[in-house]
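Please take a moment to look over the sequence and the model before reading on. The paragraphs below then go through the structure step by step.

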Amino acid sequence: MTLIASRFLFGANPSVPEAVGEWLGVEGRLEILVALLIALGGWVLARVCAGLVTRALSGRASAQQEMISRRVVQYGIFIVALISAMRHAGLDTSVLLGAAGIVTVALGFASQTSASNLISGFFLMGEKPFVVGDTIIVGATTGEVINVGLMSAQLRTFDNLLVRIPNETLLKSELTNLTHFPIRRLDMQLRIDFETSLDALRAILLRVAEDNPICMTSPEPLFLITGMGESVMNVQFSVWSARVNFVDLRNSMFIGVKEALDAAGIQLPVPRQHLTIHAEPQTRGGLSEE
Amino acid sequence: MIRPEQPFALFAGDEAVFYFGSPLWLELTAGDPPRPLLELPCVRPSDTWFGPSTREGELCYAAQTRARMDLEAIDWGPARALTRVRLINSSAQTLHFTRLLVPIGRLGLFLAADGRHWTEGLRANVGTEVVDCEVETAPPEEAGSVERVREARRGSSGVFRRALVALVG
């Protein structure tokens, strides 16, 4: 129906009966058959070429680049084949293309969000702040990237939920990639009594780090006094581990530090305040008179 | 990665020999031909990072034993393999040696008559810009008569190069 209507609208035939008669003729049926074959051949060729592109890019490009390249090749070839088939069937494609331009403008206004996500997707693809398999933090969401599409990225959170984040959000908001570098640092914030010897504390913490096999010897652990509070000293002890061992490091280091401090008799203090009460003098004039 | 107990300097044209022990791995195999079922380290060495920055480098194990220049000073045991390293400073400057990345996976394992395990020796020639690290064909003569127990895990013996940056500094 679409072909017939197009032929009627854009062709040279003056009336409906003549146009229909021509299309139902032997010559017309052959043209349609050939056009269908061209379109079908184009689709098969597009699939084959897309497969070749996938094979050529396999291992060389990211999953996202591979997917986009495959689609560009596949749809590009198919559209060319489709236009060729329409021309063969006698349709005036230049008019169709002109109409397509107008439709594109209308669609553009109607789909600003989608277009924004699409363009953001291209920027993200160029910038490449993360790849599939990375663990990222976006806003309040932390999860593993399982898919990066043209419009959005999909994360799997640690409690196994699927979170879809639009590309525009990814581009605009602060994004932290937890798995970009091969090693990570754990910063332990400790609050220590003023009575505790800092040298002794430093030695204890370094011993805990040395005894922990997943705590790296290089870069060396860092002992840092970050400040003096009202009732405690604030100490930061930073240790490094391989990225894959980070969770184990966090648990084992806190357990090790707690046990070592307990063994050394060092208590982690609770907030406290000293209250000094001065007794009132008893020789106030008014009271003594009573 | 091994470190000397205290950093030392090697003058231009000078050379030094030192030994270190690295923990063996226990492998459980079954069947004929033997198929590996399980691998366990006799001692779990600490992880460490060998590289110019926290972005570039290589994840490796840190040697628990410090490098010794006296063979008798090494606390060797049946679960350790000894390696001799000959460090040659062929550059025109004093080499301040602080650490060395040993390609332990490229070394084979030998059993000496006295029960000690040895690997092939290593020869690191520090030039002006690069380090040529060569795996020798056999354990050093100090090992006495040895019998090969295991081939190297990775690759074969030969000459390979590593950046000087991490070695000196």
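Chain A of this predicted model contains 10 helices and 8 strands. Of its 290 residues, 30% are buried, and among the contacts in chain A with a separation of 6 or more, 62% are made by residues 24 or more positions apart. Chain B has 169 residues, of which 43% count as buried, and residues 24 or more positions apart provide 68% of its contacts with a separation of 6 or more.

In soluble globular proteins, nonpolar side chains tend to be buried together. The largest nonpolar core of this model holds 23 residues, and those that touch the most other members are F237(A), V239(A), M253(A) and V257(A). Two or more residues of this core come from each of β6 (183-192), α8 (198-211), β8 (233-242) and α9 (246-263) of chain A, and α9(A), with 6 residues, gives the most. Apart from this core lies another, made of 19 residues that include F97(B), L107(B), L122(B) and V131(B).

Which residues does F237(A) contact, once its neighbours within four places in sequence are left aside? They are L186(A), D187(A), M188(A), L205(A), L206(A), A209(A), P221(A), L222(A), F223(A) and M253(A). One of these, P221(A), is found in the loop between α8 and β7 (222-228) of chain A, and P221(A) counts as partly exposed because its relative accessibility is 24%, whereas buried would require a value under 20%. Not counting residues up to four places away in sequence, P221(A) touches L206(A), A209(A), M216(A), F237(A), S238(A) and V239(A). With V239(A) the separation along the chain is 18 residues, while the C-alpha atoms of P221(A) and V239(A) are separated by 4.6 Å.

The loop between α8 and β7 of chain A also holds P219(A), and the peptide bond that joins S218(A) and P219(A) is cis, with omega about 0 degrees. Most residues other than glycine have a negative phi, and most peptide bonds are trans. A cis bond is also found in chain B, where the peptide bond from D32(B) to P33(B) has an omega near 5 degrees, and P33(B) lies in the loop between β3 and β4 (35-41) of chain B. As for phi, K128(A), in the loop between α6 (112-127) and β1 (135-138) of chain A, has a positive value near 55 degrees although K128(A) is not a glycine. K128(A) is partly exposed, because its relative accessible area is 40%. N160(A), another residue other than glycine, has a positive phi of about 65 degrees and lies in the loop between β3 (152-157) and β4 (162-166) of chain A. With a relative accessible area of 55%, N160(A) is exposed, since the cut-off for exposed is over 50%.

The next topic is open space. Rolling a probe the size of a water molecule over the atoms shows where empty space is left. The largest pocket contains about 1,100 Å³ of space and is lined by 40 residues, with P23(B), W25(B), I104(B), G105(B) and R153(B) lying nearest its centre. By class, this lining is made up of 25 nonpolar, 5 polar and 10 charged residues. At least two lining residues are supplied by each of β2 (15-23), β3 (25-30), β6 (58-62) and β14 (159-163) of chain B, and the largest share, 5 residues, comes from β6(B).

Two further places in chain B complete the tour. A152(B) is in the loop between β13 (146-150) and β14 and is partly exposed, with a relative accessible area of 21%. Beyond its neighbours within four places in sequence, A152(B) is in contact with G105(B), R106(B), L107(B) and G108(B). A152(B) and L107(B) are 45 residues apart in sequence, yet 4.8 Å apart from C-alpha to C-alpha.

Conventions:
Residues are numbered from 1 along each chain as its sequence is written. Chains are lettered from A and ligands numbered from 1 in the order in which they are written. This is a predicted model: local features need pLDDT of at least 70, side-chain atom pairs count only at pLDDT 80 or more; totals for chains, interfaces and linings use all residues. Side-chain values use heavy atoms; hydrogens and water are left out. On a 1 Å grid over the protein atoms alone, a cavity is a set of points where a 1.4 Å probe fits but cannot get out, and a pocket is an open set with protein on both sides within 12 Å along at least five of seven lines; lining residues have an atom within 4 Å of a point. Grid points are joined across faces, edges and corners, and a volume is the space filled by probe spheres set on the points. Helices (H or I, at least four residues) and strands (E, at least two) are DSSP runs, numbered from the N terminus. Ala, Val, Leu, Ile, Met, Phe, Trp, Tyr, Cys and Pro count as nonpolar, Asp, Glu, Lys and Arg as charged, and the others, Gly among them, as polar. A nonpolar core is a set of buried Ala, Val, Leu, Ile, Met, Phe, Trp, Tyr and Cys residues joined through side-chain atoms within 4.5 Å. Buried means under 20% relative accessible area, exposed over 50%, partly exposed in between (1.4 Å probe, protein chains only). Contact means heavy atoms within 4.5 Å.
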